[in-house]
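Please look through the structure below with the sequence beside it, and follow the report one part at a time.

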Amino acid sequence: MSRRARRPQPPRPAPCPCGLPAAYDDCCGPLHRGLARAATPEQLMRSRYSAFVRRDEAYLLRSWHPDTRPARIDFDPALRWRGLDVLAATEGSAFHSTGTVEFRAHYIEGGRAGELHETSRFTRHDGDWVYVDGTLHG
């Protein structure tokens, strides 16, 4: 009886944390590395969520409006982001200078599940979409 040798499968690219069906390197990765710009507030919000997952402080600060940007980001080492649901988006097209995105970001902290429900405001600054601030719900 002959046995066929199993060929090792190439590793699958890491999925993007933002929830879109693409690999990180093809989705939010280029934005994080400065090789692409967010075309909409939703794309920027998704890339910022991915940056929180990956703890990419430099990208988060770059994508924050200078009038509301903190000096630094303090990541909670006990918090693990687990998923993103985009609930609504307003404006934010090529013809707009502002937009909003309502989302729920799911996390685990200390073994307990939680969620952050926010409506984020975005504006164009020097031609790029940037995060201004957000209103928390519930």
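## The helix α2

In this predicted model, the buried residues of helix α2 are Pro41, Leu44, Met45, Arg46, Ser47, Arg48, Tyr49, Ser50 and Ala51. These buried residues pack against α1 (29–32) and α3 (57–62), and also against the strands β1 (79–91), β2 (98–109), β3 (112–125) and β4 (128–136).

The helix α2 itself runs over residues 41–54, which makes 14 residues, and it reaches 20 Å from its first C-alpha to its last, close to the 20 Å expected at 1.5 Å a residue. Just after α2 comes Arg55, which takes a positive phi of about 60°.

## The sheet

Four strands form an open sheet in the order β1-β2-β3-β4, and their pairing is antiparallel. Because β1 and β4 stand at the edges and each has a single partner strand, one side of each is left without a neighbour in the sheet. Neighbouring strands of this sheet are turned by 30° against each other on average, if direction is ignored. As a general point, the strands of a sheet pair through backbone hydrogen bonds, and this can happen in a parallel or an antiparallel way.

The antiparallel pairing of β1 with β2 extends over eleven bridges, and within it Glu91 has Gly99 in β2 as its bridge partner. The hairpin of β1 and β2 has six residues between the strands, and in this hairpin Gly92 takes a positive phi near 80°. The strands β2 and β3 pair in the antiparallel sense over twelve bridges, and here the bridge partner of Tyr107 is Gly114 in β3. The helix α2 packs on the sheet, where it touches β1, β2, β3 and β4, and its direction makes about 170° with that of β1.

## The nonpolar cores

Which residues have the most contacts inside the largest nonpolar core? They are Leu44, Met45, Trp81, Leu84, Ala105 and Phe122, in a core that has 21 residues. The elements that give two or more residues to this core are α2, α3, β1, β2 and β4. In soluble globular proteins, nonpolar side chains tend to be buried together.

## Two residues compared

Is Ser63, with a relative accessible area of 4%, buried or exposed? Ser63 is buried, because its 4% lies under the 20% cut-off for a buried residue. The place of Ser63 is in the loop between α3 and β1, and, not counting residues up to four places away in sequence, Ser63 touches Leu44, Arg48, Val130 and Tyr131.

Pro13, by contrast, is found in the segment before α1, and Pro13 counts as exposed because its relative accessibility of 59% is over the 50% cut-off. The two residues are 50 residues apart along the chain, and the C-alpha atoms of Pro13 and Ser63 are separated by 25 Å.

## The annotated domain

An unreviewed UniProt entry carries the annotation "domain: YchJ-like middle NTF2-like", which covers residues 40–134. Over residues 40–134 the chain is 21% helix and 48% strand, and the end C-alpha atoms of this stretch are 16 Å apart.

Note on methods. Residues are numbered from 1 along each chain as its sequence is written. This is a predicted model: local features need pLDDT of at least 70, side-chain atom pairs count only at pLDDT 80 or more; totals for chains, interfaces and linings use all residues. Side-chain values use heavy atoms; hydrogens and water are left out. The expected span of a helix is 1.5 Å times one less than its number of residues. Buried means under 20% relative accessible area, exposed over 50%, partly exposed in between (1.4 Å probe, protein chains only). Contact means heavy atoms within 4.5 Å. UniProt positions are given in the numbering used here, feature names are shortened, and annotations may be inferred rather than shown by experiment. Two strands pair if DSSP finds at least two bridges between them. Axes are lines fitted to C-alpha atoms, for helices over the stretch in contact, and angles run from 0 to 180 degrees between N-to-C directions. A nonpolar core is a set of buried Ala, Val, Leu, Ile, Met, Phe, Trp, Tyr and Cys residues joined through side-chain atoms within 4.5 Å.
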